[in-house]
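Good morning, and thank you for making time for this.

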Amino acid sequence: MRYTGPKVRLSRRAGVPLTRKAVKYFEARPYPPGEHGRKTNRRNTGDYGMRLLEKQKLRWYYDVSERQLRRYWDLAVRRPGRSGEELVALLETRLASLVLRAGLAPSIYAARQYVNHGHIAVDGRKVDIPSYQVKPGQSVTVRDRSARMQPFVAAAEGTYADERTAPYLDIDHRGLRFTLLRRPTREEIVVPVDEQLVVEHYSR
């Protein structure tokens with residue numbers, strides 16, 4: 001199941017801010033949630049616990065269920081490259097992930113909602129499946145009827161844009177559109193996860 005509770009709580013469990021909103025909260029309380037959070041020492045976590053946490057961080061960052069992540073892992077191991085890097089690339093090229101990365105949404109949760117509600121089109125056709133795999137050369141836009149909504153007006157002004165533009169995207173914030181130029185490499189994907197630990201978790 002996907003986590004639907006407080007998102008800042010996830011960041012504190014993960015040990016890193018997973019959303020922009022979580023940054024200031026995490027700086028104020030950089031320890032796990034709960035009554036004994038202050039006394040928890042993450043460095044004392046065993047090998048299994050460390051691998052499990054990295055896998056959970058990847059799940060939470062891309063807002064996918066355990067079943068979905070397992071399916072992506074099965075796809076990644078069948079690809080010719082390094083399994084961990086292939087896994088991250090598959091997650092990064094989900095439609096919801098790219099809507100976030102392009103600065104059209106403030107969080108992965110908002111990006112998923114925008115796609116689910118039919119506000120996003122791929123090559124001119126509405127796509128309401130957040131897990132849709134965008135292919136190089138495909139163009140993603142906010143539909144005309146949605147462009148006047150407040151969240152997209154803010155996106156057009158660059159409110160949600162990252163400081164560093166992803167090199168694998170050609171983004172037009174004013175036009176509320178972007179194109180996936182090519183498949184991203186692991187070095188270009190900004191995600192606070194050690195994917196090798198995820199590989200070890202699934203390979204045990």
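This is a predicted model: local features need pLDDT of at least 70, side-chain atom pairs count only at pLDDT 80 or more; totals for chains, interfaces and linings use all residues.

Is Thr-93 buried or exposed? Thr-93 is buried, with a relative accessible area of 5%. By buried I mean under 20% relative accessible area, with exposed over 50% and partly exposed in between, using a 1.4 Å probe and protein chains only.

Residues are numbered from 1 along each chain as its sequence is written, and side-chain values use heavy atoms, with hydrogens and water left out.

Thr-93 lies in the loop between α5 and α6 (95-101). Helices (H or I, at least four residues) and strands (E, at least two) are DSSP runs, numbered from the N terminus. Setting aside residues up to four places away in sequence, Thr-93 touches Leu-98, Tyr-132, Gln-133, Val-134, Leu-180 and Pro-184. Contact here means heavy atoms within 4.5 Å.

Eight of the 10 residues of α5 are buried, so the helix is largely enclosed by the rest of the structure. The buried residues are Gly-84, Glu-86, Leu-87, Val-88, Ala-89, Leu-90, Leu-91 and Glu-92, and they pack against α3, α4, α6 and α9.

How do α5 and α9 cross, and at roughly what angle? Their axes come within 8 Å and cross at roughly 105°. That makes α5 roughly perpendicular to α9. The axes are lines fitted to C-alpha atoms, for helices over the stretch in contact, and angles run from 0 to 180 degrees between N-to-C directions. Angles of 65 to 115 degrees count as roughly perpendicular, under 35 as roughly parallel, over 145 as roughly antiparallel, and the rest as oblique. At this crossing, Ser-83, Gly-84, Glu-85, Leu-87 and Val-88 of α5 meet Glu-195, Val-198 and Val-199 of α9.

Helix α9 covers residues 195-203, and its buried residues include Leu-197, His-201 and Tyr-202. The buried residues of α9 pack against α3 (47-62), α4 (66-77) and α5 (83-92). At the start of α9, a side-chain oxygen of Asp-194 comes to within 3.1 Å of the backbone nitrogen of Gln-196.

Next, helix α4, where Leu-69 is found. Leu-69 is buried, with a relative accessible area of 0%. Beyond residues up to four places away in sequence, it touches Lys-55, Leu-58, Arg-59, Val-64, Leu-87, Leu-91 and Tyr-202. Leu-69 and Leu-87 are 18 residues apart in sequence, and their C-alpha atoms are 8.7 Å apart in space.

Which residues have the most contacts inside the largest nonpolar core? They are Leu-58, Tyr-62, Leu-87, Leu-95 and Val-99, in a core of 49 residues. The largest share of this core, six residues, comes from helix α7 (residues 108-116). A nonpolar core is a set of buried Ala, Val, Leu, Ile, Met, Phe, Trp, Tyr and Cys residues joined through side-chain atoms within 4.5 Å. Leaving aside neighbours within four places in sequence, Val-99 is in contact with Leu-104, Ala-105, Ala-111, Val-115, Ile-120 and Phe-178.

The open sheet has five strands in the order β2-β1-β3-β5-β4, with antiparallel pairing. Its edge strands are β2 (125-126) and β4 (169-172), each pairing on one side only. Two strands pair if DSSP finds at least two bridges between them. Three bridges join β1 (residues 120-122) to β3 (residues 139-142), with Ala-121 partnered by Thr-141. Three bridges also join β3 to β5 (residues 177-180), and here Val-140 has Phe-178 as its partner. Between β4 and β5 there are four bridges; Asp-172 stands opposite Arg-177, and Ile-171 stands opposite Phe-178.

I close with two backbone details. Most residues other than glycine have a negative phi. Leu-176, in the turn of the β4-β5 hairpin, has a positive phi of about 50°, and at 5% relative accessibility it counts as buried. Asp-63 has a positive phi of about 55° although it is not a glycine. Asp-63 sits in the loop between α3 and α4 and is buried, with a relative accessible area of 4%.

Terms used: A polar contact is a pair of N or O atoms within 3.5 Å; within protein, one must be able to donate a hydrogen and the other to accept it, and residues adjacent in sequence count only if both atoms are side-chain atoms.
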